[in-house]
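Please study the sequence and the structure before reading the solutions.

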Amino acid sequence: MQDSIEQYMQKVGQQARDASRVLTSASTSLKNHALSAIYTALENNQAAILAANQIDMEKGRSNQLDSALLDRLELTPARFKGMLQGLKDVIALVDPIGEITDLAYRPTGIQIGKMRVPLGVVGMIYESRPNVTLEAASLAIKSGNAIILRGGSEALESNKAIAEAVKHGLKVAGLPEHSVQVIETSDRAAVGHLITMAEYVDVIVPRGGKSLIERVTNEARIPVI
């Protein structure tokens, strides 16, 4: 099983790296086109996504998750509407890529400055809230980055359903569908591989409890932010 998880994660990493090479040069209009197509795909698949969330909720109740965690996990129609509004807000954001700041002349007469460029491949580890899957995916696309998402096992079905809509939108826009990938296993070994795949992942973003942050900080071979 360990070998199969390693092979799976290597494949995910390679696909993300390949996708990032396309995303890094994608125009603002193309990225916004993809985000708009994702919006439409989410609207069209709302019932399926909410049904997937109910599977997670039922498993959560069976596993006796506490009420606070169940509340964070649940996707109601109102929360789904909020997710869509959040996506609209990302589409409206100014594209940060290519922005030049801090221009100054050196004594030699050469003008230098700082230009914003994509990071490459982002690995994000988080817990519970399925809406984070869409938020992270949309911000990654807008900033020209591929992203690998490892959500909590309690939200696996919800995250997979959201990711399918995201993939569809990317394909409609002609961008690589592997620009956004949700790790489709609850095996904790996947996290260990994600935070050490320096050949594929450029930065790790952990969002969760103290134990998660400590594990990532102690074991990662990739910059952590």
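**Exercise 1.** Determine which residues lie nearest the centre of the largest pocket.

*Solution.* Of the 14 residues that line the largest pocket, Glu127, Arg150, Arg188, Val191 and Leu212 lie nearest its centre. The model is predicted: local features need pLDDT of at least 70 and side-chain atom pairs count only at pLDDT 80 or more, while totals for chains, interfaces and linings use all residues. Residues are numbered from 1 along each chain as its sequence is written, and side-chain values use heavy atoms, without hydrogens and water. On a 1 Å grid over the protein atoms alone, a pocket is an open set of points where a 1.4 Å probe fits, with protein on both sides within 12 Å along at least five of seven lines; lining residues have an atom within 4 Å of a point.

**Exercise 2.** Describe the volume and lining of the largest pocket.

*Solution.* The space in this pocket is about 320 Å³. Strand E3 (121-126) and helix H9 (210-219) each contribute at least two lining residues, and H9 has the largest share, with three. By class, four lining residues are nonpolar, five polar and five charged.

**Exercise 3.** Carry out the analysis for the second largest pocket.

*Solution.* Here the space is about 250 Å³. Among the 14 lining residues, Val122, Leu139, Ala140, Ile147 and Val205 lie nearest the centre. E3, helix H6 (131-142) and strand E6 (203-207) each give two or more residues to this lining; H6 gives the most, five. The lining of the second largest pocket divides into eleven nonpolar residues, two polar and one charged.

How values were computed. Grid points are joined across faces, edges and corners, and a volume is the space filled by probe spheres set on the points. Helices (H or I, at least four residues) and strands (E, at least two) are DSSP runs, numbered from the N terminus. Ala, Val, Leu, Ile, Met, Phe, Trp, Tyr, Cys and Pro count as nonpolar, Asp, Glu, Lys and Arg as charged, and the others, Gly among them, as polar.
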